[in-house]
Amino acid sequence: MAVMDAQNPLLGETTCGTLLQKLQEIWDEVGESDEERDKMLLQIEQECLDVYKRKVEQAAKSRAELLVTLSDAKLELSTLVSALGDKSFLGVTVKASGTIKEQLAAIAPALEQLWKQKEERVKEFSDVQSQIQKICGEITGSANEQAGAPAVDESDLSLKKLNEYQVKLQELQKEKSDRLHKVLEFVGTVHDLCSVLGMDFFSTITEVHPSLDDKTCVQSKSISNDTLLRLAETVSALHEDKKQRLHKLQELATKLTDLWNLMDTPEEERRLFDHVTCNISASVDEVAVPGALALDLIEQAEVEVERLDQLKSSRMKELAFKRQVELEEIFAHAHIEIDPEAAREKIMALIDTGNVEPAELLADMDNQITKAKEEALSRKEILDRVEKWMSACEEESWLDDYNRDDNRYNASRGAHLNLKRAEKARILVNKIPGMVDTLVAKTRAWEEDRGISFKYDGIPLLAMLDEYAMLRQEREEEKRRLRDQKKFGEQQNTEQEPIFSSRSTPARPASTKKVVGPRTNGTPGRRLSLSASQNGSRPAAKEGKRDSMRVAAPTNFVAISKEDA
């Protein structure tokens, strides 16, 4: 064994001869007999023969299998070429000579490519047919009833057949797109109509088909013939409902407007129903505001019309008296004297007897208001001048009070402001004669144009102006008289020569008449009046005081008034 192990490395190049030689050496060492050696050699030959036989059988079987495979491959090749209709493989020829493996090696690449192409073609056919089946189901409304993918006819997988399916699919896709666009238009129209009518869009559209809800994907919406038909019917019904509601709402809006105008409803109250009256002359297609034709809005308008109808009779007196108050305010602002009590009694009598329609009565009063406004407008220029004249007379009165104030030149608080006002008042007082003359001319022209007397709160304006002119003339005469008295007193003072004399308190002379213009306090019946504190007495009062001071002055005292200075 040790010798064998030592020789094991040499077994790498073992052949039958070396093995047989090695066996002989082992037998020699062992001492086997020739018979045993022959017997073992025969056994070895038999075993070798058996191995050869098995190998031959296996080779024959393998050849048969290869022949079958080659035959199947040729048949498969021709079948695939026929099914695919691929002209590029029509020229493929199978080698009739050569080994079987060479023939299989020659046909295998083409066969493998055809199998791959067939799988792709089958998939294409399956995809196209599945889409066709799906769209057809959507159009007929039986999409949910279809189960599984359609069977592909593998006997004809040619490009021509595939193109036919693709053309059909494109036609169906176009039809689906058109239907989907039409469905979306219908859904949008239903949404707009439901919004205007104040209806629940979700419940309305899902009654047609559940898939038409906004939450559903666009591509998943139903496009079946039944869905399109029901959508068209729904849109038609909603359009008719919108038309009827708009007609009813416009009738109610017209009634509301008439009642508002009749009862002179304030603008704030009318604005509460702007959403009703804004569509009074709108067409059906122009009304698109959400909720504009909702049932609750129409009911609200109906309730308001009914309420105003009931209120109309009870508010007629209030409305008539309101117009009467407006008429009286216009006359009062224009200083036109009227008899309001008699007018109110006449209105009460007309309403109580029912001899006149409420609308006619209010229209007649509106006509009176219009004429009163025209009358007030024609008097506006003269009234504005009257107001300016009265304001000037007030300044004249203030100036007189200011001139009689002995402390007006003291450095008291606000003295400079009164001094400035006095300067402006003197300028304004000097303009009074011109104001009066212009006012007289304007008033006479107005009276000649209209043939009636211009009255201010029931008093002829020209009479008021004449009275003012007379009083002003009297004042001027009084001023001249006082100046003459002052000059006479000064002459007497120069003749007296008292040496010592205490300065006596100057005595205030009696006030004289002054002209007071009517005050612009807005009350009727203002007249000219006489007052003991009217302007125009300023020179007399001031000069009188100055004279008394001169009488009490010593001989070496020179009294010079500010006016003289």
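## Overall make-up

Accessible areas in this report come from the Shrake-Rupley method with a 1.4 Å probe. On that basis, the accessible surface of the protein comes to about 35,700 Å², and carbon and sulfur atoms contribute 53% of it. The model is a predicted one.

The protein has 16 helices and 4 strands. Of its 565 residues, 32% are buried. Among contacts with a separation of 6 or more, 73% are between residues 24 or more positions apart.

A patch of negative charge on the surface brings together Asp34, Glu35, Glu36 and Asp38. Within this group, Glu35 is placed in helix H3, which covers residues 34-84. Glu35 has a relative accessible area of 66% and counts as exposed because this value is over 50%.

Arg37 forms a salt bridge with Asp28, and the closest N and O atoms of the two residues are 2.5 Å apart. The relative accessibility of Arg37 is 13%, so Arg37 counts as buried, the cut-off being under 20%.

## Salt bridges between helices

Side chains of opposite charge can pair when their charged atoms come close. In this protein the count of salt bridges comes to 21.

One of them joins Arg344 and Glu328, with 3.3 Å between the closest N and O atoms. This pair links distant parts of the chain, since Arg344 lies in helix H11 (residues 340-353) and Glu328 in helix H10, 16 residues apart. Arg344 is partly exposed at 23% relative accessibility, whereas Glu328 is buried, with a relative accessible area of 18%.

A further salt bridge is formed by the side chains of Lys442 and Glu381, at 3.2 Å from N to O. Lys442 belongs to helix H14 (residues 432-450) and Glu381 to helix H12 (residues 358-403), so the pair ties together parts that are 61 residues apart in sequence. Both residues are partly exposed: the relative accessible area is 32% for Lys442 and 43% for Glu381.

Salt bridges also link Glu396, Arg472, Arg475 and Glu476 in a network.

## Asn279 in a loop

Asn279 is located in the loop between helix H9 (274-277) and helix H10 (295-333). Leaving aside residues up to four places away in sequence, Asn279 touches Leu246, Gln250, Val287 and Ala292.

Methods: Residues are numbered from 1 along each chain as its sequence is written. This is a predicted model: local features need pLDDT of at least 70, side-chain atom pairs count only at pLDDT 80 or more; totals for chains, interfaces and linings use all residues. Side-chain values use heavy atoms; hydrogens and water are left out. Helices (H or I, at least four residues) and strands (E, at least two) are DSSP runs, numbered from the N terminus. Contact means heavy atoms within 4.5 Å. Buried means under 20% relative accessible area, exposed over 50%, partly exposed in between (1.4 Å probe, protein chains only). Patches are made of residues with over 30% relative accessible area and no salt bridge: like charges are joined within 9 Å, nonpolar side chains (Val, Leu, Ile, Met, Phe, Trp, Tyr) within 5 Å. A salt bridge is a side-chain nitrogen of Lys or Arg within 4 Å of a carboxyl oxygen of Asp or Glu. Lys and Arg count as positive and Asp and Glu as negative; His and the chain ends are not counted. The place of a charge is taken as NZ of Lys, CZ of Arg, CG of Asp or CD of Glu.
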